[in-house]
Amino acid sequence: MNRSTYIVVGVVVVLFLLSWILKAVSLSGEDHRYILHGFLITMSAFLTLAIFSFLYRDNPFYKFAEHLFVGVSAAFWMTQGFWSTIVGNLIPRLSAGFSEFFMVPHQPSPWNIAYWIPVILGILLLMRLSAKYGWLSRWPLALIVGTTAGLNFVRYLRSDFIVQVSSTFVPLLGREPHQWQGGGAFISHLDLSATGQLAALLTNWIIFLGVFCGIVYFFFSKEHTGVFGRASRVGIWVLMITFGASFGYTVMGRISLLVGRVTFLFRDWLELIS
Amino acid sequence: MPDVGVMVPLVAIFGGLIWLLVRAIRGREVERRVIFIFIFVAVATPILFPITFQEHATPVVKDLFDRIENLPPGSTILMSFDFDPAMAPEVQPMANALARHSLTREHKIVFMCLWATGQSLLNTTLEYVIKPDFPHLVDGVDFVNVGYKAGNEGVLNVIVSDFKKMFPTDVNGVPLDSIEIFDKVGSCRDFDLILTVGGGRPGPKEWVLFVGDPANVPIGAGVAAVVAPQLYPYYPRQVIGILGGIKGAAEYESELAQTHPRFEDMEKPGLRMMGPQTLAHVVIMAFIVIGNIAFFRGRRGRKTE
Amino acid sequence: MRQLVPLTITFCVGTLLIVSVFIPPLGDLERTFTLWFDIIAVFAFFLGGGNLLRVHINKLWRRKKDWGFSIVTLAGFATMLAAGLFKIGNPGDIATAVDAPGSMFYTIFDSVVVPLGSTMYSLLAFFVASASYRAFRAKNREATLLLLAAFIILLGRTPFGLMLTEWVPDSFSLLQIPNLAIWIMNSPNLAGQRAIMIGIGLGVVSMSLRLILGIERSYLGGDNA
Amino acid sequence: MKNKCLMAVVLLLVGFSGVAAEEEALAGDTLVTDPMLLFPAPVTNLEGRDSDNDHGHSVDLSWELSPDDGAGQRSVMKYDIFRWIPTLMDSADVIRSAIGVALTAREVDEVPGADWNDTLRFLRDVLDTLIVQFPAAHAAYPNDGEWRRVGMVPSGEGCFEHSGPKDRLSSDFLPDYCDFRFRVDAVTSDESIRTSSDVAGPIQCYGQWFNSGRKPVLVGVLVFGFLTILMVSRARKGADLYVRPISGIEAVDDAIGRATEMGRPILYVLGLGTAADVATIASFTILGRVAKRVAEYQTDLIVPTYDPIVMSVAQEVVKSSYLDAGRPEGYNEDTVHFVTQSQFAYVAAVNGIMLRQRPATNIYMGMFHAESLLLAETGVEAGSIQIAGTDQIAQLPFFIVACDYTLIGEELYAASAYLGREPVLLGSLKAQDYAKAAVVMLALLGLAASNFALPWFVNLFHVID
């Protein structure tokens with residue numbers, strides 16, 4: 001670290017202390033733990049700004065925030081897992097004594113013996129720390145993979161596949177399934193109003209052709225040449241429109257997040273707005 | 001002096017954009033930190049000095065507004081709060097505006113939630129919107145809060161045929177049978193309109209699939225922007241109107257303020273949030289244009305070399 | 001042997017769960033297995049935590065670059081772990097939730113994890129802008145479509161979309177930008193999403209089958225390790 | 001030729017459309033507001049049977065509407081469904097509420113030193129003895145019991161599903177194998193003016209061994225399984241199988257070469273998935289390939305992970321790749337390391353790695369959520385070549401925009417087959433393509449069906465949950 005870095009760090013520390021004092025003073029009327037809360041708000045604001053400073057470039061403040069975040073959040077998830085899964089789900093089924101210690105309702109049942117299986121598998125998983133018995137850690141892995149493979153197999157076949165295919169069965173001739181009212185009605189609706197019949201039909205045609213060409217793009221075992229290649233090219237176009245549209249659509253949500261953070265800085269920390 | 005506060009950053013943003021445009025025409029690229037500064041200013045300025053843009057209600061929003069406006073006074077409306085604090089900034093403004101509108105048209109509202117986290121947000125609406133704005137309305141007579149029931153879609157499956165089976169009492173323990181609103185409400189079919197505000201699961205989609213469709217009750221939805229596209233296919237048949245994201249909320253608020261002048265001075269979080277949104281969108285679009293100009297000028301420059 | 005047992009486990013469990021979908025009395029299996037998965041995952045935390053400690057203590061010990069920051073990580077980890085496991089400062093007894101307001105765990109979560117997480121998330125607002133500037137350029141036909149779709153949707157999300165095209169008569173209202181934006185979301189966007197979803201659906205199904213049949217075994221590592 | 005076929009199909013669709021034309025019937029639905037209410041005619045043909053495809057505890061009722069519902073006097077507003085309930089079931093309810101009280105008491109522990117577990121065990125035993133007697137109590141109809149309303153449907157509907165939870169502690173518990181008896185009242189706007197139907201029963205409910213509502217899924221499972229096995233066995237016999245190039249995968253080798261030339265490391269991000277997510281499993285295969293190349297070229301590899309189990313698998317994969325490449329000594333235990341299981345903390349750390357170690361190439365393969373753009377934009381800032389692949393549709397746009405190459409959805413899964421070039425994997429890829437062809441055919445048929453009013457075809461795809 002060179003001299004200018006020390007100066008910057010010094011200035012930030014002074015500002016931090018200043019903010020803490022001012023914040024505590026402004027809270028002292030309404031809050032009996034004002035010193036602590038003044039510190040916490042200052043800390044939150046400091047961490048917020050430290051992350052924003054990353055936009056300029058990597059710097060010691062960002063490194064500090066990043067390392068703190070990693071340590072605290074890792075422990076956060078571990079304790080959460082301990083209390084909710086081990087204490088919440090496992091102990092009530094395995095041990096009356098421990099249930100009493102943790103004050104969770106014991107749930108006796110003859111089937112509870114099955115819950116020793118994940119415990120044993122969990123211990124097997126830890127075996128990978130041993131060089132000799134490391135291969136045993138593959139068993140729990142196999143169970144996990146087998147479980148999700150089995151579940152996914154049917155789940156995706158049903159929801160993502162059969163349901164999606166059947167919702168592509170759209171009427172191409174009328175707004176409702178088999179409600180074609182003859183050519184006259186069609187011609188009289190030949191305008192492009194957003195709720196008109198033509199727009200609805202156009203939508204259905206585009207959905208159908210779009211899905212068709214999109215699927216063609218995902219053919220792997222056939223060369224994309226000729227008519228097939230052209231369809232696959234249209235497929236790429238449809239995908240590009242999809243990606244562009246989704247991108248544009250999410251911008252709004254992202255800005256809202258920033259609004260939230262900036263509001264925190266202006267309202268809770270600096271008290272510029274009410 | 002908010003006007004000066006608004007004008008200076010606006011001039012800075014648009015002046016800066018024009019300067020960048022001129023640079024782009026000469027084929028120069030913009031550094032990303034410059035873009036970051038523009039975005040920050042575009043978002044921060046309207047928060048400090050509120051800028052509101054005129055909003056027109058699009059048909060999806062207008063349809064729902066008109067339905068509430070045109071229901072005969074005294075109709076019963078069910079309103080469900082299906083969201084958590086993370087989603088609240090986006091959808092709570094809608095819930096508030098919808099509740100205000102319904103109550104000012106003298107409709108009776110039954111409040112409920114499918115999300116455990118919705119309960120406290122529902123209380124916020126009751127406490128900060130209904131009490132101050134409609135001090136004469138009485139809990140249990142003009143509106144009822146039946147609270148939260150666990151069971152997600154299961155709850156919907158039950159209330160579609162029997163409301164009191166799932167909610168025998170309101171949150172204060174008063175039996176629904178003794179509440180006048182429920183004299184003519186046995187199931188969800190008996191509501192004149194169902195409003196669902198949320199964005200996750202269960203949410204508006206489940207309301208349509210489990211209640212709206214089977215019971216043939218009109219449903220109006222207020223949803224987070226991310227989920228709105230999934231709901232559009234149901235409009236206008238199964239869902240009579242959709243407020244999508246902050247923009248939907250803003251449109252509804254401005255429509256409400258225009259039709260009912262008493263709400264002109266109300267808190268309009270949706271419209272207020274639209275300020276940063278609009279400016280940021282404009283800045284992003286301006287940068288897309290500048291990027292393309294720089295790209296084509298740069299390419300021509302390379303060709304002539 | 002080292003490959004055979006895991007492959008057999010995968011096969012049996014996978015087949016059992018497929019069959020259970022069609023047999024109502026086995027309907028609860030899914031929940032049981034998911035719970036088992038959660039329990040095993042908690043044991044894995046020891047691996048993760050151990051590795052985290054190893055990496056940072058190593059860095060500290062060998063005085064590698066930025067070793068000072070490893071102290072921050074280790075201190076944060078230890079403090080949070082202690083606050084959570086011993087429920088320091090929790091109102092009430094051991095049965096109250098670990099993240100009950102007022103506890104040390106909650107305080108750290110609220111003033112460190114929440115601001116850091118949501119600020120990190122909000123950086124997206126900046127990155128969305130820089131990415132649009134750099135990438136939405138009409139380089140070729142595909143990029144132009146990407147650009148146009150994004151631009152129309154963006155325009156449709158602001159009041160200017162309507163202002164620009166308000167003059168379009170109602171019988172052509174599809175061409176008004178807000179309507180056009182909705183239409184793009186509803187038709188080409190939906191078509192593209194559906195094509196990808198059908199592909200992914202099939203891909204997942206096929207991959208699951210390969211896993212159950214033991215054709216795909218990359219998750220087991222090599223034979224010799 | 002293909003164009004002509006398509007034209008013919010379109011022409012056919014248009015030509016036949018006239019046949020499918022339907023006229024909308026005008027339904028004049030006016031309410032009668034006659035103050036003189038007469039007793040409505042009762043419903044007829046009340047029938048009940050066990051609900052299909054479930055685990056028991058549910059009965060489906062159906063009846064023919066009262067002639068005064070929507071026609072005749074138009075006086076029927078709703079139907080009340082009654083079940084005959086023996087008094088024994090009330091005794092069970094008393095025990096249940098006692099169990100409820102004991103459970104709450106145990107949690108609150110109002111009486112110090114009291115052993116609620118014993119009490120609970122006793123109460124549960126009593127409840128079980130009562131439940132055993134349920135069938136006999138029902139068989140004693142019409143003695144010791146009474147009719148009670150169990151549900152209601154609005155007028156115009158002729159069916160009702162009476163179901164209860166299978167948890168015997170719940171007061172709505174509906175026992176299996178008991179002779180239920182039902183009756184349905186046609187009710188007018190005045191609750192007291194109603195007519196009861198004949199009693200239907202005995203009806204029993206019980207669980208099924210096969211869920212026939214999921215037949216389409218079963219057919220799908222069988223067809224797809226068969227296709228895969230067929231194609232794999234054909235591939236084993238040496239059939240020549242073509243795979244189209246996937247540009248993102250082709251780019252991986254070049255990118256590794258580039259990193260070697262520049263003397264900078266390669267960053268491989270497995271995403272936020274668990275070891276059980278298909279995208280992560282596909283990513284392991286690609287990681288294996290990358291690690292092997294890296295070992296050969298003696299470049300550095302950094303694999304920060306989000307999930308501890310993913311970390312251990314990745315360590316295994318990388319280690320064995322180094323062995324395969326013949327350089328086991330080049331493997332470093334710190335190559336694959338755990339960061340944290342928190343989305344944004346993980347991103348913060350990976351972003352830090354990118355800016356500090358300046359990898360020449362970033363590869364993102366697996367499940368990604370909101371962090372996709374945070375990672376990819378930082379990678380651009382660091383000047384890295386970036387290759388991404390994910391099956392998260394919502395994140396694909398961000399990767400497409402910010403990365404040099406992106407594997408879209410299914411391409412990520414196909415990559416493992418493409419890289420391995422093993423006939424078995426290629427065979428399953430081929431099966432996937434046949435399934436896709438089948439989709440296209442079915443979609444065409446389904447289109448024709450939905451345009452020509454053949455709902456039975458569309459209903460083939462109807463999956464009941």
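Helix H2(A) has its buried residues covered by several helices, including H1 (3-27), H3 (60-94) and H9 (226-269) of chain A, along with H4 of chain C. Keep in mind that this is a predicted model.

- H2(A) covers residues 34-52, which makes 19 residues. From its first C-alpha to its last it reaches 27 Å, close to the 27 Å expected at 1.5 Å a residue.
- Which residues of H2(A) are buried? Gly38(A), Ile41(A), Thr42(A), Ser44(A), Ala45(A), Phe46(A), Leu47(A), Thr48(A), Ala50(A), Ile51(A) and Phe52(A) are.
- Over in chain C, helix H5 runs through residues 141-156.
- H5(C) has its own set of buried residues, among them Leu145(C), Leu146(C), Leu147(C), Phe151(C), Ile152(C) and Ile153(C). The end of the helix belongs to that set too, with Leu154(C), Leu155(C) and Gly156(C) buried.

**Where chains meet**

- Chain C puts 109 residues into its contact with chain A, and chain A puts in 100 residues.
- Which helix gives the most to the side of chain C that touches chain A? That is H8(C), with 21 residues.
- By class, that side of chain C has 76 nonpolar, 24 polar and nine charged residues.
- Chains B and D also touch, with four residues from chain B and four residues from chain D. Here the side of chain B has no nonpolar residues, two polar and two charged.

**Chain B as a whole**

- Chain B has eleven helices and six strands. Of its 305 residues, 46% count as buried.
- Its C-alpha atoms fill a box of roughly 85 × 45 × 30 Å along the principal axes.
- Among contacts in chain B with a separation of 6 or more, 76% come from residues 24 or more positions apart.

**Domains**

- Chain B splits into domain 1 (2-53 + 271-304) and domain 2 (59-263). Their C-alpha centres lie 39 Å apart, and the contact takes four residues from domain 1 of chain B and five residues from domain 2 of chain B. The domain 1 side of that contact in chain B has three nonpolar, one polar and no charged residues.
- Chain A is divided into domain 1 (3-109), domain 2 (110-167) and domain 3 (191-269). Domains 1 and 2 of chain A have C-alpha centres 33 Å apart, with five residues from domain 1 of chain A and four residues from domain 2 of chain A in contact.
- Chain D is divided into domain 1 (44-203), domain 2 (212-240 + 425-459) and domain 3 (247-421). For domains 2 and 3 of chain D, the C-alpha centres are 33 Å apart, and the contact takes four residues from domain 2 and five residues from domain 3.

**A strand pair in chain D**

- E13(D), residues 385-390, pairs with E14(D) in the parallel sense over four bridges. One link to look for is Gly389(D), whose bridge partner in E14(D) is Leu407(D).
- To get from E13(D) to E14(D), the chain passes through helix H10 (residues 396-402) of chain D, and this β-α-β crossover is right-handed.
- In E14(D), Tyr405(D) and Leu407(D) point one way while Thr406(D) and Ile408(D) point the other way, and all are buried. In a regular strand, side chains alternate between the two faces of the sheet.

- Most residues other than glycine have a negative phi, and most peptide bonds are trans.
- Tyr141(D) and Pro142(D) are joined by a cis peptide bond, with omega about 5°. Pro142(D) sits in the loop between helix H3 (116-139) and strand E4 (145-154) of chain D.
- Arg63(C) is not a glycine, yet has a positive phi of about 55°. Its place is the loop between H2 and H3 of chain C.
- Is Arg63(C) buried or exposed? Arg63(C) is exposed, because 8 other C-beta atoms lie within 10 Å and 12 or fewer counts as exposed.
- Arg358(D) also has a positive phi, about 45°, without being a glycine. This residue is in the loop between helix H8 (343-357) and strand E12 (361-367) of chain D, and is partly exposed with 14 other C-beta atoms within 10 Å.

How values were computed: Residues numbered from 1 in each chain as written. Chains lettered and ligands numbered in written order. Predicted model: local features only at pLDDT ≥ 70, side-chain atom pairs only at ≥ 80, totals over all residues. Helix = DSSP H or I, 4+ residues; strand = E, 2+ residues; numbered from the N terminus. Expected span 1.5 Å × (residues − 1). Buried ≥ 20, exposed ≤ 12 C-beta atoms within 10 Å, placed from the backbone. Contact = placed C-beta atoms within 7 Å. Pairing = 2+ DSSP bridges. Right-handed = clockwise from strand over helix to strand, strands pointing away. Domains from an automatic or database assignment. Nonpolar A, V, L, I, M, F, W, Y, C, P; charged D, E, K, R; others polar.
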